Amino acid sequence: MSVKHPVVAITGSSGAGTTSVMRTFEQIFRREQVDAAFVEGDSFHSYDRMAMKGEMSRALSDGDHTFSHFGPDANLFEELETLFREYGESGTGRVRKYLHDQDEAAPYGQEPGTFTPWEAIPGGTDLLFYEGLHGAVATEKVDVAQYADLLIGVVPVINLEWIQKLQRDKAKRGYSTEAVTETILRRMHDYVNYMCPQFSRTDVNFQRVPVVDTSNPFIARTIPTPDESMLVIRFKDPRGIDFPYLLSMLHDSFMSRPNTIVCPGGKMDLAMQLIFTPMLWRLLERRDRAAS
């Protein structure tokens with residue numbers, strides 16, 4: 001963990017809602033005048049879109065039905081660990097972008113689904129902000145989590161996660177229910193071994209829990225709305241957390257355990273603003289004291 005150059009990481013699986021969390025942090029950074037270096041987890045995949053399709057086909061022909069974006073073979077875990085460590089030590093590191101669609105690719109004159117060249121993070125940023133699949137990953141070879149100063153998990157319960165993925169991939173990517181189901185099954189080994197363990201290392205977890213029937217996610221027609229959900233917020237270390245203040249600000253909330261608040265799902269943005277603004281203040285105060 002760094003004092004001079006803080007690293008903040010949002011970790012969640014595909015479709016978990018990490019993008020909306022990133023937007024909340026962008027608002028906090030603007031309000032608090034924090035200059036953050038943004039890093040997207042997709043930029044640390046091992047393969048671009050076409051190469052990944054080729055690797056999946058090769059894995060299937062070899063009888064491997066577990067190769068996925070969630071596992072180590074499809075990601076540059078060592079490079080991600082190096083980035084977190086180097087940024088913490090020096091405030092810089094090597095990054096690139098993954099160009100998801102035509103709008104992102106056009107300014108670079110590249111095809112969608114490709115990576116930009118590696119380049120150094122400009123000096124002078126206040127902190128590194130990572131959003132992606134593996135901000136708290138640890139394996140026998142690497143421990144990315146050890147170099148983060150604030151780790152945040154964003155985790156829908158599994159049926160909701162599947163509903164969100166099914167709806168998104170069918171609507172935006174034109175996939176069939178069968179194709180998305182096959183992807184879910186292929187990812188399960190890596191999900192259990194590399195995704196789930198991360199959420200025991202996070203400092204704060206946000207888990208959305210539907211209060212409507214999601215017992216068969218494969219036939220659900222709609223994604224449960226925030227108003228049809230509750231939000232479970234778990235703090236790894238409850239010391240220093242002003243629970244009475246949070247309960248007073250998050251109406252209709254309650255504590256289910258000494259380190260856990262439950263509130264209406266529609267209050268996620270407010271909850272994050274209330275919880276993470278003072279946490280960022282403390283990180284930046286520590287940085288300033290270390291620099292003086």
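Predicted model: local features only at pLDDT ≥ 70, side-chain atom pairs only at ≥ 80, totals over all residues.

Residues are numbered from 1 along each chain as its sequence is written, and side-chain values use heavy atoms, with hydrogens and water left out. Helices (H or I, at least four residues) and strands (E, at least two) are DSSP runs, numbered from the N terminus.

Start with the rings. A pair of aromatic rings is described by the distance of the centres and the angle of the planes. Rings of Phe, Tyr and Trp (its six-membered ring) pair if their centres lie within 6.5 Å; planes under 30 degrees apart count as stacked, over 60 as edge-to-face and the rest as tilted. The structure holds 14 such aromatic pairs. In one of them, the ring centres of Phe-25 and Phe-129 are 5.0 Å apart and the planes stand at 40 degrees, so this pair is tilted. Phe-25 belongs to helix 1 (residues 18–32) and Phe-129 to strand 7 (residues 127–132), so the pair ties together parts 104 residues apart in sequence. Buried means under 20% relative accessible area, exposed means over 50%, and partly exposed lies in between (1.4 Å probe, protein chains only). Phe-25 is buried, at 0% relative accessible area. Phe-129 also counts as buried, at 0%.

Phe-25 has a further partner. With Phe-276 it forms a tilted pair, 5.2 Å centre to centre and 35 degrees between the planes. Phe-276 sits in helix 8 (residues 268–291) and Phe-25 in helix 1, so this pair ties together parts 251 residues apart in sequence. Both Phe-25 and Phe-276 are buried. Ring pairs link Phe-25, Phe-29, Phe-38, Phe-129, Phe-206 and Phe-276 into a cluster.

Now the charges. A salt bridge is a side-chain nitrogen of Lys or Arg within 4 Å of a carboxyl oxygen of Asp or Glu. The structure holds eleven of them. One joins Asp-149 to Arg-286, with the closest N and O atoms 3.9 Å apart. Asp-149 lies in the loop between strand 7 and strand 8 (150–154) and Arg-286 in helix 8, so the bridge ties together parts 137 residues apart in sequence. Asp-149 counts as buried at 7% relative accessibility, while Arg-286 is partly exposed at 28%.

Helix 5 carries its own set. This helix (residues 158–173) has 16 residues and reaches 21 Å from its first C-alpha to its last, close to the 22 Å expected at 1.5 Å a residue. The expected span is 1.5 Å times one less than the number of residues. Its buried residues include Trp-162, Ile-163, Leu-166 and Asp-169. The buried residues of helix 5 pack against helix 6 (177–195) and strand 9 (204–210). Asp-169 is buried at 2% relative accessibility. Arg-168 and Asp-169 meet in a salt bridge (3.2 Å, N to O). Arg-173 also forms a salt bridge with Asp-169, at 3.5 Å between the closest N and O atoms. Arg-173 and Asp-169 are four residues apart in helix 5, so about one helical turn separates them. Arg-168 is partly exposed at 23%, and Arg-173 is partly exposed at 45%. Salt bridges link Lys-165, Arg-168, Asp-169 and Arg-173 in a network. Just after the helix, Gly-174 takes a positive phi of about 75 degrees.

What does a buried arginine without a salt bridge have around it? Arg-96 is found in the loop between strand 3 (94–95) and strand 4 (98–99). Arg-96 is buried yet has no salt bridge; the nearest side chain of opposite charge, Glu-79, is 7.9 Å away. (Lys and Arg count as positive and Asp and Glu as negative; His and the chain ends are not counted.) Backbone oxygens lie by its side chain instead: that of Ser-43 is 2.8 Å from a polar atom of the Arg-96 side chain, and that of His-45 is 2.9 Å from one. Leaving aside neighbours within four places in sequence, Arg-96 is in contact (heavy atoms within 4.5 Å) with residues including Leu-76, Phe-115 and Trp-118.

Finish at Asn-75, in the loop between helix 2 (49–61) and helix 3 (77–90). Asn-75 is buried, at 7% relative accessible area. The backbone oxygen of Gly-71 lies 2.7 Å from a polar atom of its side chain.

Notes:
Polar contact = N/O pair within 3.5 Å; in protein donor to acceptor, adjacent residues only side chain to side chain.
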